[in-house]
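Subject: Structure for you to look at

Hello,

I am passing on the structure we spoke about. Please open it alongside the notes below.

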Amino acid sequence: MAALRHGAILRPLSSASRPVSRSLTRGFAVSSARMASSFVPGEPEGPTVKTEIPGPASKEYITKLTQVFDTRSLNMLADYTKSVGNYIVDPDGNALLDVYAQIASIPVGYNNPILKKAAESPEMITALINRPALGNFPSHDWADVLETGILKVAPKGLNQVFTGMAGSDANETAYKAAFMWRRQRDRGGPAVEFTEEEMESSMLNQTPGASELSILSFKTAFHGRLFGTLSTTRSKPIHKLDIPAFDWPHATFPLLKYPLEEHAKENAKAEADSLAEVEHLIKNYHVPPCAVIVEPIQSEGGDNHASPAFFRGLRALTKKHGVLLIVDEVQTGVGATGKFWAHDHWDLPEPPDMVTFSKKAQTAGYYYGDPSLRPNKPYRQFNTWMGDPARALLFRAIIEEIQQHDLVANTARVGDYLFSKLEGLAQKYPGQFENLRGKGQGTFIAFDNPDRDGFLKKAKKFGINIGGSGESAVRLRPMLIFEQHHADILLAALEKIVSSS
């Protein structure tokens, strides 16, 4: 259903589907000698489709699950004891090349042995069975865990972190930090005490205690589903219906035309118009913005890109008008674009004020550098868990695996190869790979298809688990261990999808 996350398709495929291991392998024979993963042992040589999806075993599990859990958004049921590397396996033994990767959140493969080793460590066991309320009772080694993991890969210029639970939580707490920062500045600094009127009015949800400030976001953005983040999310109505929302502004995200080199003048105007709109809203919106939040690539909204010059212009505007810039790297971060952080592509003269993260990090939070973004009093930015040491330890192991195998460079290299081959398919099959985008952005690639939902459904028949975004986009979100021979398997399957009846 278009209103739900694209890729969530339960209807069975044709029972005429043949095993991919037999029907597709011929097309992959050129690389069969190096099919298995270089990074995760035990990975299949290629996809295998034995039954319709969902098959009989999956249907039994789904029926049972439906009694206690809402399964209407279910994409496919997985058996994670058998999934390995780049392949997701279901209870019927179907093994699909997974280029959706749990909505872009699996970094180094299913059942990665290095992550398994980290999960079995005494340090992990202690973190799991003695989960601390981090704000009150952090472990003696919490600083070491942060410095050897989360902070080891902190974006340039940002040396502190607030840890959270998920991407929505990361953005929500970043918004709170922005509001407190702005009101602290307005009062005259962190040493200025709250007035009696502020304290009393805050308990009534009234000004001046409840500030009249906003967060400026962009049309077609997605920043989460909590109350604050939902007011900045504008990708699909189904996310927002019936939920009260703040009266916060939104600007038009540049609507670029492709190929980029053929529309340079139009695209430059679209970006200039967007920046002009941002500045107008900062200066004139009746609920003043204290921060602007932006995704390096609007992911849920349709894989919408803008140029580095646009983002440099946005940084300049926020500095000019004294508002914060929050970069939402929840989906783009941790290597997917061929750099560890997607905003590294922008070559900013100075860093964003905050960068939020989750998904491939397997933990969440926001990075910052300015000490004034720490609230002036304890318990203002606080909850019971304030993150999860077990997940921080897992991210540390992920970072080690990424650095050990140079997986960011691998993603950049494979992405360039994949994009060039997709350009060939786009020429060969006009209209099927429209608005191909993501060149030079690792494997963070997308294209539009006129029958996108049918395309996603058919992909499983050919052994591919793939997702969509926006109205018509097919988005590729492979893991960082996705190699050239995986790209060849994907390309062969994509050609079969568009050439089959």
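Please keep in mind that the model is predicted.

Helix packing. Helix H5 covers residues 122-129, and helix H12 covers residues 389-404. Their axes come within 8 Å and cross at roughly 150°. Angles over 145 degrees count as roughly antiparallel, so that is the description for H5 and H12. On the H5 side the contact is made by Glu123, Met124, Ala127 and Leu128. H12 contributes Pro389, Ala390, Leu393, Leu394 and Arg396.

Surface patch. Leu128 also belongs to a nonpolar surface patch with Ile125 and Ile129, and together the three have about 310 Å² of accessible area. Ile125, itself a residue of H5, is partly exposed, at 43% relative accessibility.

Backbone. Most residues other than glycine have a negative phi, and most peptide bonds are trans. The cases below depart from that pattern.

- Thr207 to Pro208: the peptide bond is cis, with omega near 5°. Pro208 sits in the loop between helix H8 (196-202) and strand E4 (214-218).
- Tyr258 to Pro259: this bond is also cis, with omega about -5°. Pro259 is in the loop between strand E5 (250-251) and helix H10 (264-284).
- Gln102: phi is positive, near 55°. The residue is in helix H3 (residues 101-104) and is partly exposed, with a relative accessible area of 30%.
- Tyr379: phi is positive, about 75°. Tyr379 lies in the loop between strand E9 (364-368) and H12, and its relative accessible area of 57% makes it exposed.

Regards

Definitions and conventions:
Residues numbered from 1 in each chain as written. Predicted model: local features only at pLDDT ≥ 70, side-chain atom pairs only at ≥ 80, totals over all residues. Heavy atoms only, no water. Patch = residues over 30% accessible without salt bridge, like charges linked within 9 Å, V, L, I, M, F, W, Y side chains within 5 Å. Areas by Shrake-Rupley, 256 points an atom, 1.4 Å probe, with all protein chains shown as cover. Salt bridge = Lys/Arg side-chain N within 4 Å of Asp/Glu carboxyl O. Helix = DSSP H or I, 4+ residues; strand = E, 2+ residues; numbered from the N terminus. Buried < 20%, exposed > 50% of the residue type's maximum accessible area, 1.4 Å probe, protein only. Axes fitted to C-alpha atoms, helices over the stretch in contact; angles between N-to-C directions. Parallel < 35°, antiparallel > 145°, perpendicular 65-115°, else oblique. Contact = heavy atoms within 4.5 Å.
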